[in-house]
Structures are given as C-alpha cells and as structure tokens.
Amino acid sequence: MKKIGIFYGSTTGTTKDVAKKIGEQLGVKPEDIHDVASAAPSMVGDYDVIIIGASTWGDGDLQDDMATFLDGMQAMDLREKEVAIFGCGDESMAQTFCNSVGEIYHRLHDAHPIFIAPFNNKGYDYSHSESDVKGMIVGLCIDEVNHPEETDARIKAWCDEIKEEIC
C-alpha cells in the first residue's frame, strides 16, 4: 500500500477543510495531513503519493504559505512521487478561477513528479484558469463560495480516481 501525505496551504480554513475531507475519503491518518505553514518541504519525502492543495487569492495568486513551501519542493527530485493537486477558488473571479492548481503544477513540473488525477471542472462557469493546461484540468477545483453543494461529490469522485490510479 502506498503511503499518502496531504499538504495544504489555507488562510481562511476552507482549503484545510477540503484537505481533511480528502483525507477521510482516502483513509489518510490525521498525522499525515499537513499545514504547509508549519511543515518542511522535505517531509514530502516520507510519502509515495503527495496530495497538495491551496487556495487562490487576489488576482490569481497562490496562497502565501504554499508559495514558500513550493520553493523548497522545486529543488527536490520527485521522479518517484505521484502528485495530485487540488485547489479552492471562486468562479466569479472568472479570469483566475483556481489558478493555484495550475501554479502548483507549473512550479513542480521541473521536479519531475508523476502527476495523477486530472479532473473535469464541468459545472463551473469561468473564462480562464491556470489549472487548464493544454486543454486538461490538472487537478480538482473546489468553489465553496458558489457551489458548496457540489464539494462532497467532487471530492469523492476525485478520490475514487486517485484510488484507481495508485493501485
């Protein structure tokens, strides 16, 4: 069984709540769910599968703690690591919806992880997102502002996909 670690950056608590829900769906122990504000990037080395997520702020900016955490991860060799990305955003910010997902993807790309669990953002209405890379959404996007009723079903579907991919 592959060991899963969840790493999140959260300012208001929404991304933290989503991380916990993902952990519950995947059977991840609470001690393997980490707030990057108090975690060292080297901790990802303890896991086979890294689930990483953050919220999108302002004009599409990555949550501050996650930006710092990714600085450390970028220097690592993640070739043997499977990485799934999630993020929280607000589709009314139509030009930057869930940019954090794409930002994490782009920043980790040169560390050569095995990216897993792209996800369909069907049902959201936005004009642009950095999470859309060459026509593929590279991770799970959650909008607790406009679509909180969709969150649990999206998390379950995404986690089911992760379970299939890491078997």
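The charged end of R154 sits over the ring of Y124, 4.0 Å from the ring centre; a charge is counted as lying over a ring if NZ of Lys or CZ of Arg is within 6 Å of the ring centre and within 35 degrees of the ring normal. The structure is a predicted model, in which local features need pLDDT of at least 70 and side-chain atom pairs count only at pLDDT 80 or more, whereas totals for chains, interfaces and linings use all residues. Residues are numbered from 1 along each chain as its sequence is written, and side-chain values use heavy atoms, with hydrogens and water left out.

A pair of aromatic rings is described by the distance of the centres and the angle of the planes. A search of the whole structure finds six aromatic pairs. Rings of Phe, Tyr and Trp (its six-membered ring) pair if their centres lie within 6.5 Å, and planes under 30 degrees apart count as stacked, over 60 as edge-to-face and the rest as tilted. Y105 and F115 form a tilted pair, with 4.5 Å from centre to centre and 45° between the planes. This pair links distant parts of the chain, 10 residues apart: Y105 belongs to helix α3 (residues 99-108) and F115 to strand β6 (residues 114-115). Helices (H or I, at least four residues) and strands (E, at least two) are DSSP runs, numbered from the N terminus. Y105 is buried at 14% relative accessibility, while F115 is partly exposed at 26%; buried means under 20% relative accessible area, exposed over 50% and partly exposed in between (1.4 Å probe, protein chains only). Ring pairs also link F7, Y47 and F69 into a cluster.

In soluble globular proteins, nonpolar side chains tend to be buried together. A nonpolar core is here a set of buried Ala, Val, Leu, Ile, Met, Phe, Trp, Tyr and Cys residues joined through side-chain atoms within 4.5 Å. The largest such core has 28 residues, of which F7, I52, M66, F69, L70, M73 and I104 touch the most other members. Two or more residues come from each of β3 (49-57), α2 (64-73), β5 (82-88) and α3. A second, separate core of 24 residues includes I4, Y8, A84 and I116. With residues up to four places away in sequence set aside, the contacts (heavy atoms within 4.5 Å) of I52 include F7, M66, V83 and I104.

Helix α2 has M66, F69, L70 and M73 as its buried residues. These residues lie on the same side of α2 because they cover an arc of only 100° around the axis, the arc being that of the directions from the helix axis to the C-beta atoms. On the other side of α2, D64 and T68 are exposed. The buried residues of the helix pack against β1 (4-9), β3, β4 (61-62) and α3. At the start of α2, a side-chain oxygen of Q63 comes within 3.0 Å of the backbone nitrogen of D65.

H34, in strand β2 (residues 33-35), is buried with a relative accessible area of 9%. Beyond its neighbours within four places in sequence, H34 is in contact with I6, F7, Y8, A39, M43 and Y47. G5 is found in strand β1 and is buried at 0% relative accessibility. Among the residues that G5 touches, not counting those up to four places away in sequence, are D32, Y47 and V49.

Notes:
A polar contact is a pair of N or O atoms within 3.5 Å; within protein, one must be able to donate a hydrogen and the other to accept it, and residues adjacent in sequence count only if both atoms are side-chain atoms.
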